[in-house]
Amino acid sequence: MIRLDNLTKVFDTPKGAVTAADHISMEVPSGEICILLGPSGCGKTTTLKMINRIIRPTSGKVFINGEDTTSLDTQDLRRSIGYVIQQIGLFPNMTIEENITVVPKLLGWDKAKYKERAREMMRMIALEPDAFLKRYPSELSGGQQQRIGVARALAADPPVMLMDEPFGAIDPINRAVIQDEFLKMQQELKKTIMFVSHDIDEAIKMGDRIAIFRAGKLVQYSEPDELLAAPKNEFVESFLGEDRALKRLNLVKVRDLASDEIGLVRPDDTLETALQRIDDYGYQTSIVMVNAKRQPVGIINAAVARTTKGHCRDHFQSVPVVVNLDDDLRKVASLMFSNDMTWVPCVDDDGRIVGQITQRAITHHLGSRYRAHSGAGEASPSSSASEE
Amino acid sequence: MPTLNLSGAMRLLVLVAVFVAGVWSQSSGVIDDFIFYLPDIQYLAVQHLWLTAVSGSLAILVAIPLGILLSRPSMARVAESAMQVLNVGTTIPTLAVLALSMSFLGIGTVPAVFGLFVATLLPITRNTYTGLKGVSPALMEAAAGIGMSPGQRLLKVELPNALYVIFAGIRTALAINVGTVPLAFLIGAGGLGELIFTGIDLYDPVMMLSGAIPTALLAVVVDMLIAVTAFLVVPRGVNPGRA
Ligand SMILES: Nc1ncnc2c1ncn2[C@@H]1O[C@H](COP(=O)(O)OP(=O)(O)OP(=O)(O)O)[C@@H](O)[C@H]1O
Ligand SMILES: [Mg+2]
C-alpha cells in the first residue's frame with residue numbers, strides 16, 4: 001500500500017516558485033495499479049519521484065505499507081521499490097544480464113540465484129534468454145530495451161513499483177502487446193504500482209484507479225469506470241474526451257450485463273414450437289438452435305417458421321456471431337453494428353450458450369450510470385480526491 | 001581495429017620512411033655508423049622511457065582522481081573555473097612548461113619529470129571531467145533510483161561510461177609526453193634528446209637520426225599500447241571500437 005499525505009513540492013526557479021505538486025493526498029491499495037494521468041507539466045513525474053526521493057518533498061509524507069518512509073535509509077528504500085524511468089536508462093556498459101541483476105547484486109544475492117533470476121525475468125518478458133542475456137542495450141530495439149527496463153525493476157521482486165511512462169517509446173501495436181503481457185504478469189505478481197501516463201486509453205486499460213492531475217493538483221481519483229461515468233468537473237470531462245462513453249465499453253465485460261434468460265430450440269423441435277418460443281420471449285426476428293451440449297448450431301428465422309412446416313434441423317441458418325463472457329462491450333458493440341443485430345448470444349469457454357446480451361442492456365448500463373452519478377456522484381467512496 | 005584507422009595511415013607512412021631510410025643506409029654504409037651509436041641508444045632509450053613512465057603514471061594517478069573530484073555535484077561551483085584554468089594551461093607550449101619548471105626546480109630529472117607531469121596532467125583531467133559530466137542524466141537517475149550509493153554509481157555507471165573519453169585523454173596526453181621528452185635533455189634530464197640535439201649541434205645527421213628514429217618508434221609503440229589497452233578495458237557496450 002502506498003499512501004501520500006499532503007505531498008507538496010515547490011521548485012525555486014529564477015522566475016519564482018513553481019508548485020509542481022500541491023498537497024497531494026491519495027492511497028493506492030496493495031496489489032493495485034494506480035495511473036497518474038494529466039496534461040504535460042501537471043506534476044505527475046514530480047509526484048512519482050517524491051515517492052523514491054529522487055525529488056525531495058517540500059512538505060508532506062509518503063507511507064509504504066503504513067510505514068513513514070522518511071524514517072528509512074534512502075538506499076534501502078529505493079532498493080525495495082522497482083523504478084522504471086521515462087527514458088529507459090539501461091546501463092550501456094553492462095550486458096542485459098548485468099542490467100537485470102543490478103539490484104539483486106546490490107542486495108547481496110548469491111550468483112546462482114541472480115543468474116537464474118535473470119533467465120526467469122527474460123522468460124517473463126517473452127525474450128529468449130540465450131539470445132539476449134549476453135547482448136548490450138545498444139544491440140536491442142527500443143521496445144526490447146523498454147521491456148528490459150521493466151525486467152530490471154522487477155528483478156528483486158519489490159512489492160512496490162514506480163513506472164514513468166514505461167511504454168512510451170513503443171509503437172501502438174507493440175505497446176498493446178506489452179500492456180497485455182504486463183497485465184498478465186501483474187495478475188500473478190500483485191505488485192502495488194504507481195504508473196505515469198498521458199494516454200487515456202492506456203490509463204483505462206491498465207489502471208485499477210486513475211488519478212487525474214491538473215497544474216500540480218489532484219483533481220479526481222476514481223476507478224476508471226466511475227471516472228468515465230462521472231467526471232468531477234469540466235476539466236476532467238474535456239480531458240477524457242467526447243467519446244468517453246464509448247471508452248467505458250472497454251471496461252465492461254459481457255458477463256456483467258448478459259442476461260441468462262434465453263429462449264432456445266433443439267434440432268428436433270418443430271418450427272411451430274420455434275415460432276411459439278419466439279413469441280413467448282418477445283423476439284422479433286429469430287431464435288437460437290442448440291445441440292445436446294447447448295452449443296449454438298444455427299438460428300431459426302421467424303419469417304421462415306411462420307411460412308414453413310417441419311423440423312428446426314432442416315430449416316436453420318448459420319449463427320452470425322457469438323461472444324464470450326470475457327469479451328468487452330466494445331467488441332460486442334462493434335459486432336452488433338457490423339452484423340446489424342440488436343442482441344448477441346453469449347457462450348462460455350466451452351462454447352455452450354449461457355445467455356444473451358442486448359443493445360438495450362448496453363445503452364441502459366451506460367445511461368443509468370450517468371443518471372446515478374449526475375445526482376449524487378461525490379458520495380462515492382473511491383473518489384476521495386483533495387479539493388482545495 | 002577500426003579506431004586505429006586514422007593514425008594507421010600515419011603509421012604506414014612512418015614505416016615506409018623507415019624502410020626507405022633502411023635501404024639508403026644499407027647502400028651507403030651508414031648502418032655501421034648507427035651500430036656505433038647502439039649502446040648510447042639503448043642507454044638513453046631506457047632513460048627516455050623511464051621519464052615517460054614516471055611522469056605519465058604520476059599524471060594519470062593524479063589527473064583521474066582530480067577529474068572525478070571536479071565532476072562531483074558538490075564541486076559544481078569551483079569546477080567550471082578550475083576547468084578554465086586547465087584549458088588556459090593546455091595552451092602553454094610544453095617547452096615553456098619545462099623552462100618554468102627548471103626556473104624553480106633547477107636542472108636534472110626532477111624538474112623534467114615535473115614539467116612532463118604538468119603537461120600530461122591537463123588533457124587527462126579535462127577528459128576525465130568532461131567524460132564524467134557527459135554521462136547521461138537519465139543513467140544517473142536510473143542508478144540512483146535503483147538504490148546505488150554514490151560510490152557504486154561512480155564505479156559501476158559513471159566511470160565505465162566515461163572510460164572511452166578518459167582513454168582518449170590519456171592517449172593525447174602521452175603523445176604530448178613522449179613528444180616532449182626529447183626536450184627534457186635541454187634541462188639536463190638526458191633521454192634520446194641528447195643524441196638529437198648533440199647531432200644537430202655537431203651537424204652529424206647519423207647521430208641525430210640515432211635519437212630521432214627511436215623517439216618516433218617509441219611514440220608509435222606507446223600510442224599503440226594505449227589503444228590496445230582501451231580496446232580491451234572499455235566495456236564492449238560503450239566501446240565504439242568494438243561494435
Ligand atoms: N527540477 C525542476 N526545477 C524547476 N521546475 C521543475 C523541475 N522539475 C519539474 N519542474 C516543473 O514542475 C512542473 C511539473 O513537472 P513534472 O515533470 O512533474 O510534469 P509531468 O506531469 O511529469 O509532465 P510530462 O507529462 O511532460 O512529463 C512543471 O511545470 C515543470 O516545469
Ligand atoms: Mg513526466
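**Asp225(A)**

I looked up Asp225(A) and found this residue in helix α10 of chain A; helices (H or I, at least four residues) and strands (E, at least two) are DSSP runs, numbered from the N terminus. The model is predicted: local features need pLDDT of at least 70, side-chain atom pairs count only at pLDDT 80 or more, and totals for chains, interfaces and linings use all residues. Residues are numbered from 1 along each chain as its sequence is written, chains are lettered from A and ligands numbered from 1 in the order in which they are written, and side-chain values use heavy atoms, with hydrogens and water left out.

Is Asp225(A) buried or exposed? Asp225(A) counts as buried, at 16% relative accessibility (buried is under 20% relative accessible area, exposed over 50%, partly exposed in between, with a 1.4 Å probe and protein chains only). I then checked its side chain, which makes a polar contact of 2.8 Å with the side chain of Arg248(A). A polar contact is a pair of N or O atoms within 3.5 Å; within protein, one must be able to donate a hydrogen and the other to accept it, and residues adjacent in sequence count only if both atoms are side-chain atoms.

**Ligand 1**

I listed the residues around ligand 1; among them are Phe11(A), Ser40(A), Gly43(A), Lys44(A), Thr46(A) and Glu165(A) (a residue is near if one of its heavy atoms lies within 4 Å). The side chain of Ser40(A) has an N or O atom 2.5 Å from an oxygen atom of the ligand. For Thr46(A), a side-chain N or O atom is also 2.5 Å from an oxygen atom of ligand 1. At Gly43(A) a backbone N or O atom lies 2.9 Å from a ligand oxygen.

I noted that the protein covers 63% of the 640 Å² of accessible area that ligand 1 has on its own (Shrake-Rupley method with a 1.4 Å probe; for residues, only the protein chains shown count as cover). The elements giving two or more residues to the shell are β1 (2–13) and α1 (44–51) of chain A. α1(A) gives the most, with three residues.

**Pockets**

I took the largest pocket next, with about 740 Å³ of space. On a 1 Å grid over the protein atoms alone, a pocket is an open set of points where a 1.4 Å probe fits, with protein on both sides within 12 Å along at least five of seven lines; lining residues have an atom within 4 Å of a point. Grid points are joined across faces, edges and corners, and a volume is the space filled by probe spheres set on the points.

Which element gives the most to this lining? α8(A) does, with six residues. Of the 23 lining residues, the closest to the centre are Leu183(A), Ile204(A), Lys205(A), Met206(A) and Lys253(A).

The second largest pocket holds about 430 Å³. Tyr283(A), Gln284(A), Thr285(A), Thr342(A) and Trp343(A) are the closest to its centre, of 19 lining residues. β15 (343–347) and β16 (353–358) of chain A each supply at least two residues of this lining.

**Positive phi**

Most residues other than glycine have a negative phi. I found Ile88(A) with a positive phi near 70 degrees, in the loop between β6 (81–84) and α3 (96–100) of chain A. Ile88(A) is buried, at 13% relative accessible area. Lys190(A) has a positive phi near 55 degrees and sits in the loop between α8 and β8 (192–197) of chain A. I recorded Lys190(A) as exposed, at 53% relative accessibility.
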